[in-house]
Amino acid sequence: MSLGETMKALSDPIRREILSMLKGGRMSAGDIAAKFDVTGASISRHLSVLREADLIRDTREGKFIFYELNASVLEEILLWIAELKGENDA
């Protein structure tokens, strides 16, 4: 994962909304897609970008794919931002 991929993934409002939805717990691709007025293929691409940036993880269970936040990557980003703001200075 690179910071560039992460920032690209976070730059889109639909992807940010998907991340917000996943704060409440894992969701199936169908449940995620049902919340948006875009094609399933579009949501699939958004999920792929988030997965490539390592912001989410997917698990296949039978014919369903469930997505959940990858909190460790989000924590790394928050630490980096905190350092930029000087919050970690002693």
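Q: Where does Asp12 sit?
A: Asp12 is in the loop between helix H1 (3-10) and H2. Helices here are DSSP runs of H or I with at least four residues, strands are E runs of at least two, and both are numbered from the N terminus.

Q: Before we go on, what kind of model is it?
A: This is a predicted model: local features need pLDDT of at least 70, side-chain atom pairs count only at pLDDT 80 or more, and totals for chains, interfaces and linings use all residues. Residues are numbered from 1 along each chain as its sequence is written, and side-chain values use heavy atoms, with hydrogens and water left out.

Q: Back to Asp12. What does the side chain of Asp12 have 2.8 Å from a polar atom?
A: The backbone nitrogen of Ile14.

Q: How do H2 and H4 pack?
A: At an angle of about 75 degrees, with axes 10 Å apart. Axes are lines fitted to C-alpha atoms, for helices over the stretch in contact, and angles run from 0 to 180 degrees between N-to-C directions. H2 and H4 are therefore roughly perpendicular, a label for 65 to 115 degrees; under 35 is roughly parallel, over 145 roughly antiparallel, and the rest oblique.

Q: Which residues make that contact?
A: H2 brings Ile14, Arg15, Ile18 and Leu19, and H4 brings Ile43, His46, Leu47, Val49 and Leu50. Contact means heavy atoms within 4.5 Å. By class, that is seven nonpolar, one polar and one charged.

Q: How many residues are in the largest nonpolar core?
A: 18. Such a core is a set of buried Ala, Val, Leu, Ile, Met, Phe, Trp, Tyr and Cys residues joined through side-chain atoms within 4.5 Å. Those with the most contacts inside it include Ile18, Leu22 and Ile32. H2 (13-22), H4 (40-52) and H5 (71-85) each supply at least two residues of this core.

Q: What does Ile32 touch?
A: Leaving out residues up to four places away in sequence, Ile32 touches Ile18, Met21, Leu22, Met27, Ile43, Leu47 and Tyr67.

Q: Tyr67, then. Buried or exposed?
A: Buried, with a relative accessible area of 6%. Tyr67 is in strand E3 (residues 64-69). With residues up to four places away not counted, the residues it touches include Arg26, Arg51, Arg57 and Asp58.

Q: New topic. What about phi at Asp54?
A: Phi is positive there, about 65 degrees, although Asp54 is not a glycine. Most residues other than glycine have a negative phi. Asp54 is in the loop between H4 and strand E2 (56-61), and is partly exposed at 32% relative accessible area.

Q: Whole chain now. How many helices and strands?
A: Five helices and three strands. The order along the sequence is α-α-β-α-α-β-β-α.

Q: What box do the C-alpha atoms fill?
A: Roughly 50 × 25 × 20 Å, along the principal axes. Of the 90 residues, 29% are buried.

Terms used: Buried means under 20% relative accessible area, exposed over 50%, partly exposed in between (1.4 Å probe, protein chains only). A polar contact is a pair of N or O atoms within 3.5 Å; within protein, one must be able to donate a hydrogen and the other to accept it, and residues adjacent in sequence count only if both atoms are side-chain atoms. Ala, Val, Leu, Ile, Met, Phe, Trp, Tyr, Cys and Pro count as nonpolar, Asp, Glu, Lys and Arg as charged, and the others, Gly among them, as polar.
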